[in-house]
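Open the model in your viewer and get ready to select residues by number. We will go from stop to stop and look at what is there.

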Amino acid sequence: MFDHPDYDGHEKVLMVEDAQSGLRAIIAVHSTVMGPAAGGCRLWSYTTGEAALSDALKLSRGMSYKNAMADLPFGGGKAVILGPVAPERREAVLEAFGRAVESLNGAYITAEDVGVNVADMQTVARTTRFVSGLAGAEGRSGGDPSPYTARGVRVGIEAAVRAQLGRAEVAGLAIAVQGLGHVGMYLCQELHELGANLVVADINPARVDEAVARFGARAVSVDDVLTQDVDVVAPCALGGAISEYVARYVKAKIVAGAANNQLATPEAGRILAERGVLYAPDYVINAGGIIMVSGEISGDNDTALTLQRVDAIGTRLDAIFATAKAENVITNEVADRMARAKIAAGKTVKAPVPAVA
Ligand code: NAI
C-alpha cells in the first residue's frame with residue numbers, strides 16, 4: 001500500500017468484505033485536516049481489485065483538493081463498492097456498506113456518486129449516521145447533488161468562455177457534452193436554455209435520444225465527441241477522458257466538464273496548455289454537488305444560499321485562469337498549488353467538525 005503509485009499519505013484505507021451480503025468495498029480517507037473526509041460512494045464493476053483501489057486513492061485525494069478549494073470545512077474521502085451487485089442483494093450490500101462507514105466513527109461521510117442514487121443513500125442511512133445526499137425539505141437543498149454539480153459546471157463554462165473567448169455568454173456557442181447521465185443531462189438543459197448549440201454522445205442510446213428530443217442536440221459517436229469542431233467540450237462521463245491523444249486532437253478552445261480526474265496523465269494537461277486549450281480544473285468546476293451536500297451536513301442548506309455558493313465557482317475559476325495566464329503556469333497546477341496551500345494552512349487552524357444528524 002505505502003508503495004502504491006496513487007498512495008499520497010492517505011490517513012486510512014479500509015478494505016471491507018462482508019460475506020453475508022457479498023459487499024466488497026474500499027473506503028479511502030485521504031485527509032481529515034480540514035474536517036471529516038467527505039466524498040461520494042461509487043458503485044462500479046472494476047476489471048480488477050487493483051483498479052478499484054487506484055480509483056479510491058485518486059478520487060479521495062481529489063476530494064481533499066475539491067473541498068479545500070470550495071472553502072468547505074471538510075477533508076477528502078471516497079468509497080468504492082465493487083460491482084456488479086445483483087438487484088436482490090442491493091439493499092443488504094448498502095446496509096453492510098453503511099455499517100463500514102459507521103465503524104469509522106465520522107472520519108468519513110458518504111454521499112452519492114456514479115452508480116448510486118438518493119434511494120440508495122436512504123438505505124445506507126439505516127446503518128450509519130454519517131451519510132448525506134438524502135432528500136431535502138421544502139426550501140432547503142438536499143437529495144440528488146447532480147443539478148447543483150451541473151449548475152456549477154455551467155457557471156464554470158461561462159467563466160472559461162469569458163477568459164478564453166472574451167464573450168459574456170454561451171448563446172450561439174457549440175458545446176459537446178460527453179456523457180448524458182445525472183449531471184450531463186442537467187448540464188445540457190442549462191446550456192440549452194442559455195442558447196448554446198449542443199453536440200452529445202453517450203453509450204446509452206436512450207439518453208442520446210432524450211437529449212436530441214428535448215434540446216435539439218446533434219448526436220455524434222462516443223469515439224468522436226471530444227474531437228468535434230466545437231467551442232467547448234464538457235467531459236461528463238468517467239475519468240481519464242482527456243488522453244494524450246485527445247489532448248493533441250481536441251479542436252475546442254475550452255475543456256470544462258463534470259467528470260472527476262479528466263486528465264488521463266499530467267502530460268495530457270501539458271499538451272492542452274501548449275496547444276492553447278483552456279482547461280477548467282475538474283475538482284474546482286465540479287464542486288457544486290459537494291457544496292450542496294456540505295450545507296446539508298451542517299444544516300446550513302437554505303436553497304438560495306446554496307445556489308449563491310455554487311455560483312462562486314465562477315469567480316474561483318476567474319482567479320485560477322488569471323493566475324495561470326499571468327504566471328504562464330498550467331491551470332490544473334495553479335489549482336493544485338492553491339489547494340495544497342489551503343490544506344497546509346488548515347494544519348495549523350483545524351476546522352470544526354460539523355454536527356451530523
Ligand atoms: P452517471 O453515471 O449518472 O452518468 C454517466 C453517463 O456517462 C452515463 O449516462 C453513461 O452511460 C455515460 N458514459 C459512460 N461511458 C461513456 C463513454 N465512454 N462515452 C459517453 N458516455 C459514457 O454519472 P454522473 O453522476 O452524471 O457523473 C458524471 C461524472 O461527473 C462522473 O465522472 C462523476 O464522478 C462526476 N461528478 C458527479 C457529481 C454528481 O453530483 N453526480 C459530482 C462531481 C463529479
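This is a predicted model: local features need pLDDT of at least 70, side-chain atom pairs count only at pLDDT 80 or more; totals for chains, interfaces and linings use all residues.

**Stop 1: a loop residue**

Select Thr-48, which sits in the loop between strand E4 (41-44) and H1.

The side chain of Thr-48 reaches the backbone nitrogen of Ala-51 at 3.0 Å. In sequence, Thr-48 and Leu-82 are 34 residues apart, while in space 9.3 Å separates them, C-alpha to C-alpha.

**Stop 2: the ligand**

- Thr-149: an N or O atom in its side chain is 2.7 Å from an oxygen atom of the ligand.
- Ser-146: an N or O atom in its side chain lies 3.4 Å from a nitrogen atom of the ligand.
- Ala-237: here a backbone N or O atom is 2.7 Å from an oxygen atom of the ligand.

How much of the ligand's accessible area does the protein cover? On its own the ligand has 840 Å² of accessible area, and the protein covers 84% of that.

**Stop 3: the largest pocket**

Switch to a surface view. Rolling a probe the size of a water molecule over the atoms shows where empty space is left. The largest pocket holds about 1,100 Å³ of space. Its lining is made of 45 residues, and Asp-113, Val-114, His-182, Val-183 and Ala-237 lie nearest its centre.

Colour the helices and strands next. Among those that each supply at least two residues of this lining are E4, H1, helix H4 (146-165) and helix H5 (182-193). By class, the lining of the largest pocket divides into 21 nonpolar, 14 polar and 10 charged residues.

**Stop 4: the second largest pocket**

Select Lys-58, Arg-61, Asn-261, Leu-263 and Asp-282. Of the 34 residues that line the second largest pocket, these lie nearest its centre. About 840 Å³ of space lies in this pocket.

Which helix gives the largest share of the lining? H1 does, with 8 residues. Other elements that each supply at least two residues include helix H8 (266-274) and helix H12 (331-346). The lining of the second largest pocket has 16 nonpolar, 8 polar and 10 charged residues.

**Stop 5: a cavity**

How many cavities of 30 Å³ or more does a search of the whole structure find? The search finds 1. About 50 Å³ of space lies in the largest cavity.

To see its lining, select Lys-58, Leu-59, Gly-62, Met-63, Asn-260, Asn-261, Asp-282 and Tyr-283. Sorted by class, the cavity lining has 3 nonpolar, 3 polar and 2 charged residues.

Key: Residues are numbered from 1 along each chain as its sequence is written. Side-chain values use heavy atoms; hydrogens and water are left out. On a 1 Å grid over the protein atoms alone, a cavity is a set of points where a 1.4 Å probe fits but cannot get out, and a pocket is an open set with protein on both sides within 12 Å along at least five of seven lines; lining residues have an atom within 4 Å of a point. Grid points are joined across faces, edges and corners, and a volume is the space filled by probe spheres set on the points. Ala, Val, Leu, Ile, Met, Phe, Trp, Tyr, Cys and Pro count as nonpolar, Asp, Glu, Lys and Arg as charged, and the others, Gly among them, as polar. Helices (H or I, at least four residues) and strands (E, at least two) are DSSP runs, numbered from the N terminus. A polar contact is a pair of N or O atoms within 3.5 Å; within protein, one must be able to donate a hydrogen and the other to accept it, and residues adjacent in sequence count only if both atoms are side-chain atoms. Accessible areas come from the Shrake-Rupley method with a 1.4 Å probe; for residues, only the protein chains shown count as cover.
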